[in-house]
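Here is a briefing on one protein model and its ligand.

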Amino acid sequence: MNPVSATQTISEPEKQPGSTLAIDLRSDTVTRPSPEMRRAMAEAPVGDDVYGEDPTINKLQARAAEIFGREAAIFVPTGSMGNIVAVKTWTHHGDEVIIEERGHIHQYEMDSITAIAGCMPRTTYVEDGILTWDRIEPLIRPKVYYRAQTALVSLESSHNMAGGTVYPPEVSDEICDRAHDAGLRVHLDGARIFNAAVYLGRSVAEITRKFDSIMFCLSKGLGAPVGSMLVGSREFIEKARVYRKLFGGGMRQVGVLGAAGLIALEKSPARLHEDHANARCLAEALAQLPGIKVDLRKVQTNIVIFDVSGTGRTAAEISAALAKRNVLANPTGKYDIRMLTHCDVDRAAIDRALVEFRALLAA
Ligand SMILES: Cc1ncc(COP(=O)(O)O)c(C=O)c1O
């Protein structure tokens, strides 16, 4: 969507008060809707979605279900709401949810698993973020009435804080099969599942077919301004609708958002390979810089996490210095910085960011 190169000015209507020409690599959530999305939003046929009468959101939900090969889907305002609605739908108070230690739902959603669903996260750390059944099985509680019970396994693909790593389908398929045999449900935090599918060269339907529920975001790599989807069986989605309402997520003429979501869903997956190529180019160049370490095996999608300890400066110091040079990136640890590529940065912007980084380290 209208990539902004390092030298270009932002054309109307994207130019907004306060916007700068910073190369914003903090997240793929920072993208702004394309002119096509804005037009579609303005012109969307709408109705009251609490009554199920919004034609645009109904179309988006039907299309999402079709693309994932499932019975039904429901629009939610955020990925966080999609995740907690799924957890709440699959669990009871006092249950446990198995999740990788750095999972977004555990670390960055205010521990809604505990705060809202009344469950306990049961976590384990895996270096590349990719759980395997042998790591999950020992965490399952025995079925004894005075023990807490395990209800759900939640996987994340691509795994944000592990650097955008992707579940090999045979690994997630095995987890789903074994979990089902053990009477557990498996939810996928697929905020960036389209990036995972592009990396694997498979369809999202194929790589998610064994999960009980899938959350994916329209507002990340796909470039929509707002919104995520939950996908699953008709029965699951009908229960999810009740919890979405309970959590304050029953929306009215939400087709104005759904219209942008439809464009994101139909058009954006076809261009994600560009973001991946830009991330790889960024990572390979960063790996050449003095004092910077990048694990290139983990650069599979649009996320690059790198270690700056060899520069003698902290991630916060480097990020602050980069920001002064109009390159924005978030520290994710004392010596780790994360950069994400997306539709609003093109190769020229990546090259410009690298020029600034080199100059900063040389200064
Ligand atoms: C992996 C993952 N899951 C869920 C979310 C939550 O999405 P939202 O910010 O829309 O609540 C994010 C947001 O960055 C994410 O990276």
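In this predicted model, an oxygen atom of the ligand sits 2.9 Å from an N or O atom in the side chain of Arg192. Asn160 has a side-chain N or O atom 2.8 Å from a ligand oxygen. For Lys220, the corresponding distance from a side-chain N or O atom to a ligand oxygen is 2.9 Å. The protein covers 84% of the 390 Å² of accessible area that the ligand has on its own.

**Ligand shell**
- The shell around the ligand holds 13 residues, and those that come nearest are Gly79, Ser80, Asn160, Asp189 and Arg192.
- By type, the shell divides into two nonpolar, six polar and five charged residues.
- Helix α3 (residues 79-90) supplies three shell residues, the largest share.

**Ser228**
- Ser228 belongs to strand β8 (residues 228-232).
- Is Ser228 buried or exposed? Ser228 counts as buried because its relative accessibility is 0%, and the cut-off for buried is under 20%.
- The Ser228 side chain reaches the backbone nitrogen of Gly79 at 3.0 Å. Gly79 is also among the residues that come nearest to the ligand.
- Beyond four places in sequence, Ser228 touches Ile74, Phe75, Val76, Pro77, Thr78 and Gly79, and also Met215, Phe216, Cys217 and Leu218.

**Nonpolar cores**
- The largest nonpolar core has 49 residues. Leu155, Ile175, Ile193, Phe194, Phe216 and Leu218 touch the most other members.
- Apart from it lies another core, of 31 residues, including Leu282, Ala285, Val299 and Leu322.
- Which residues does Phe194 contact, leaving aside neighbours within four places in sequence? They are Ile67, Phe68, Val204, Phe216, Leu222, Leu265, Pro269 and Leu272.
- Two core residues, Phe216 and Leu218, are also touched by Ser228.

**Thr132**
- Thr132 lies in the loop between β4 (120-124) and α6 (133-136).
- Thr132 is partly exposed because its relative accessible area is 28%, which falls between the 20% and 50% cut-offs.
- A polar contact of 2.6 Å joins the side chains of Thr132 and Asp134.
- Leaving aside neighbours within four places in sequence, Thr132 is in contact with Val171 and Ile175. Ile175 is one of the residues that touch the most other members of the largest nonpolar core.
- How many residues separate Thr132 and Glu174 in sequence? They are 42 residues apart in sequence, while their C-alpha atoms are 8.2 Å apart in space.

Conventions. Residues numbered from 1 in each chain as written. Predicted model: local features only at pLDDT ≥ 70, side-chain atom pairs only at ≥ 80, totals over all residues. Heavy atoms only, no water. Core = buried A, V, L, I, M, F, W, Y, C linked by side-chain atoms within 4.5 Å. Buried < 20%, exposed > 50% of the residue type's maximum accessible area, 1.4 Å probe, protein only. Contact = heavy atoms within 4.5 Å. Near = heavy atom within 4 Å. Polar contact = N/O pair within 3.5 Å; in protein donor to acceptor, adjacent residues only side chain to side chain. Areas by Shrake-Rupley, 256 points an atom, 1.4 Å probe, with all protein chains shown as cover. Helix = DSSP H or I, 4+ residues; strand = E, 2+ residues; numbered from the N terminus. Nonpolar A, V, L, I, M, F, W, Y, C, P; charged D, E, K, R; others polar.
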